[in-house]
Amino acid sequence: MASLKEIKTRIASVSSTLKITSAMKLVASSKLRKVQTATVSLNRYMESLSNILGSLIAGKQISMPLTQAHDKISKVTIIVISSNSSLCGSYNGNVIKALNKTITEYQSKGVSQIEIIPIGEKVARASEKISGVSRVMTYRHSAEKCTYGELAELARSLMDAFAKGETDEVKIVYTRFKSMSSQSVQSSVFLPFDTNNIKGGATLDEDYILEPSAVEIIEHLLPYTMSTMLYDSFLSSNASEHSARMIAMQTATDNAKEILEELRLTYNKQRQTAITEELTDISNGAQK
């Protein structure tokens, strides 16, 4: 049985941990609200963008380098998004597991050249341990600091590489934020771009005069749309990370409170027992 001093030391330790987990939960909550605000605004913008692009594409056969699948897939690029730090439950573990699964699927199809573009320290470290892949353009510390400009530049470089035949397919592995209690890891094809993924937008009637032509507008608008989609994937992953950390810290806080309550109860019982024993000894001594 632990002494009163040991129990008191542990109470102080758990109390300190409780303050840390509570503070981390509040920080994660604040960051989540900020990212959610940005995500909501971006989703509205993307919906309008999708409607415009969908209207232009509707009823047309689009033949662009970015939409044409290559005859043979021998080299692929995988963008994978994780966090920089831990203490966010299974968030990073699920992303790394999905990455390994994606790599295994490609290797089983005979793809010999696989390159990874990791965004986030955790997946950057994990990718170093995966054999048979190469790492390029590592964004090790960018899980929270990536701007639209950086990701747009990355998207453009990948589009150029795909158009030149330097890579045959590009995939994104990220976590899609649905709600506070629901996030799922997605592995989606970024290139070639599937125009069927563009939702909304009715066919433009003949009253519209387009300058330049619809095809030229699509050629300029499609790369911009894809860059925005990559940024959306990043924001969704970011929101999922903060949500997962909030839940993990809430669970840790609840567990710390339970342990603290048990320790205080044990401390009070032992203290009461010690006082009772002292009073008994005093009483017995007085009787003698």
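I began with Arg125, which at 47% relative accessibility counts as partly exposed. My cut-offs: buried is under 20% relative accessible area, exposed is over 50%, and partly exposed is in between (1.4 Å probe, protein chains only). The model is predicted, so I kept to its limits: local features need pLDDT of at least 70, side-chain atom pairs count only at pLDDT 80 or more, and totals for chains, interfaces and linings use all residues. Residues are numbered from 1 along each chain as its sequence is written, and side-chain values use heavy atoms, with hydrogens and water left out.

**Salt bridges**

I looked up what Arg125 meets. Its side chain forms a salt bridge with Glu121, at 2.8 Å from N to O. The term needs a side-chain nitrogen of Lys or Arg within 4 Å of a carboxyl oxygen of Asp or Glu. Both residues lie in helix H3 (residues 121-127), 4 residues apart, about one turn of the helix. I took helices (H or I, at least four residues) and strands (E, at least two) as DSSP runs, numbered from the N terminus. Glu121 is buried, with a relative accessible area of 9%.

How many salt bridges does the structure hold? I found 4. Another one joins Arg245 and Glu241, at 2.9 Å from N to O. These two are 4 residues apart in helix H5, so about one helical turn separates them. Arg245 is buried at 8% relative accessibility, and Glu241 is buried at 1%.

I then checked Glu115 and Lys75. Their closest N and O atoms are 3.9 Å apart, and they form a salt bridge. This pair links distant parts of the chain: Glu115 is in strand S2 (residues 113-119) and Lys75 in strand S1, 40 residues apart. Glu115 counts as buried at 14% relative accessibility, whereas Lys75 is partly exposed at 24%.

**Aromatic pairs**

Next I searched the whole structure for ring pairs and got 4. Rings of Phe, Tyr and Trp (its six-membered ring) pair if their centres lie within 6.5 Å; planes under 30 degrees apart count as stacked, over 60 as edge-to-face and the rest as tilted. Tyr45 and Tyr224 have ring centres 6.4 Å apart and planes at 90 degrees, so I logged the pair as edge-to-face. Tyr45 sits in helix H1 (residues 4-57) and Tyr224 in helix H5 (residues 214-287), so the pair ties together parts 179 residues apart in sequence. Tyr45 is partly exposed at 39%; Tyr224 is partly exposed at 34%.

Tyr224 also pairs with Tyr148: the centres are 6.5 Å apart and the planes at 70 degrees, so this pair is edge-to-face. Tyr148 lies in helix H4 (residues 148-163), so this pair ties H4 to H5 across 76 residues of sequence. Tyr148 is partly exposed, at 28%. I noted that ring pairs link Tyr45, Tyr148, Tyr224, Tyr231 and Phe234 into a cluster.

**Backbone**

Which residues does a cis peptide bond join? I found Leu191 and Pro192, with omega about 0 degrees. Pro192 is in the loop between strand S5 (182-191) and H5. I also flagged Leu87, a residue other than glycine with a positive phi, near 60 degrees. Leu87 is in the loop between strand S1 (75-81) and helix H2 (91-108). I listed these spots because most residues other than glycine have a negative phi, and most peptide bonds are trans.
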